[in-house]
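Biologist: Hi! Could you walk me through this one while I have it open?

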Amino acid sequence: MENKRTFERELPEGYREVFHFNAKSIKVGIIFNLIALAVLIAVMAVGRWIYIAAGEPAPRISLEGILRSVAMLGFIAAMVLYIVLHELVHGFCYKRMTGERLTFGISWSCAFCGVPNIYTYRKTSIIAASAPLILFTVLLVPMCAALMYVHPYLYMLGLFLFGLHLGGCSGDFYFVWILLFKYKNPDALMRDTGPEQFIFLPDSK
Ligand SMILES: [Zn+2]
């Protein structure tokens, strides 16, 4: 009789494991990444051959071009790393000062970190909100200055990252600004859920 079941909830008796694949093992990881690299090179080579066979002049492959591509990939990795580190710096400050549970996430407009279950005092909020702005400005400005003497292309990529950092901090900057200059009461409390910030003032003050 034909077996019509599409699955079992548990491994029935009499079965034994005959195959185990672990992409996290170093050997498997290296082998499959080398295969991926070979496939990538083959795709590029075949594509180039088709291009020439179609009567187009051979696309120039220069060391400069390859190095620029590598630098661009490095830049994309640095950008992703920056976003993660930026939020971790907020989180580190909140955790050090409160010990409370954090929330991390990404919404349509920004990545965020908050400490949603508590109300923090003004000073705590100012430190946590301004930390990435200060830290990464201190790190990225000397980096850009150094890249200026390495290669103009790398300098432009560094500058681009610094611009993304400074522009991306506009929300943090705005929040810190109003706490510094508008809500100066040290008893003011903030609630930071991540994507949303609230400020509360005590009555009678
Ligand atoms: Zn931020």
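**Helices, sheet and core**

Modeller: Happy to. Gly55 follows α1 and has a positive phi, near 95°. Keep in mind that this is a predicted model.

Biologist: Good to know. What span should the 28 residues of helix α1 have, and what do its end C-alpha atoms give?

Modeller: Helix α1 covers residues 26-53, and at 1.5 Å a residue it should span 40 Å. Its end C-alpha atoms are 40 Å apart, so the two agree.

Biologist: And how many of the residues of α1 are buried?

Modeller: The count is 0 among its 28 residues, so α1 is hardly covered.

Biologist: OK, on to the core. Which residues make up the largest nonpolar one?

Modeller: There are 7 residues in all: Cys93, Tyr94, Val115, Ala128, Ala129, Val176 and Leu179. At least two residues of this core come from each of α2 (63-98), α3 (122-147) and α5 (170-181).

Biologist: What does Cys93 touch, leaving out residues up to four places away in sequence?

Modeller: Cys93 touches Ile127, Ala128 and Ala131.

Biologist: I've also clicked on Arg68. Where does that one lie?

Modeller: Arg68 lies in helix α2.

Biologist: Why do you class Arg68 as partly exposed?

Modeller: Because 15 other C-beta atoms lie within 10 Å of its own; a residue needs 20 or more to be buried, and 12 or fewer to be exposed.

Biologist: Which residues of α3 are buried?

Modeller: They are Thr124, Ser125, Ala128, Ala129, Ser130, Pro132 and Phe136. The cover over them includes α2, β2 (111-121), α4 (152-168), α5 and β3 (189-192).

Biologist: You've mentioned strands now. In what order do they come in the sheet?

Modeller: The order is β1-β2-β3-β4, an open sheet of 4 strands with antiparallel pairing. β1 (103-106) and β4 are at the edges with a single partner strand each, so one side of each has no neighbour in the sheet. On average, neighbouring strands are turned by 30° against each other, direction ignored.

Biologist: How many bridges join β1 to β2?

Modeller: There are 4, and the two strands run antiparallel. Gly105 stands opposite Phe112 in β2. β1 and β2 form a hairpin, with 4 residues between them.

Biologist: And at the other end, what is β3 joined to?

Modeller: β3 is joined by 4 bridges to strand β4 (residues 197-200), and these run antiparallel. Leu189 stands opposite Phe200 in β4. In the hairpin of β3 and β4, with 4 residues between the strands, Gly194 takes a positive phi near 115°.

Biologist: Last one. Which strands do α2 and α3 lie across?

Modeller: α2 lies across β1 and β2 and runs at about 15° to β2. α3 lies across β2 and β3, and its angle to β2 is about 165°.

Biologist: Great, thanks for the tour!

Definitions and conventions. Residues are numbered from 1 along each chain as its sequence is written. This is a predicted model: local features need pLDDT of at least 70, side-chain atom pairs count only at pLDDT 80 or more; totals for chains, interfaces and linings use all residues. A nonpolar core is a set of buried Ala, Val, Leu, Ile, Met, Phe, Trp, Tyr and Cys residues joined through C-beta atoms within 7 Å. Two residues are in contact if their C-beta atoms, placed from the backbone, lie within 7 Å. Two strands pair if DSSP finds at least two bridges between them. Axes are lines fitted to C-alpha atoms, for helices over the stretch in contact, and angles run from 0 to 180 degrees between N-to-C directions. The expected span of a helix is 1.5 Å times one less than its number of residues.
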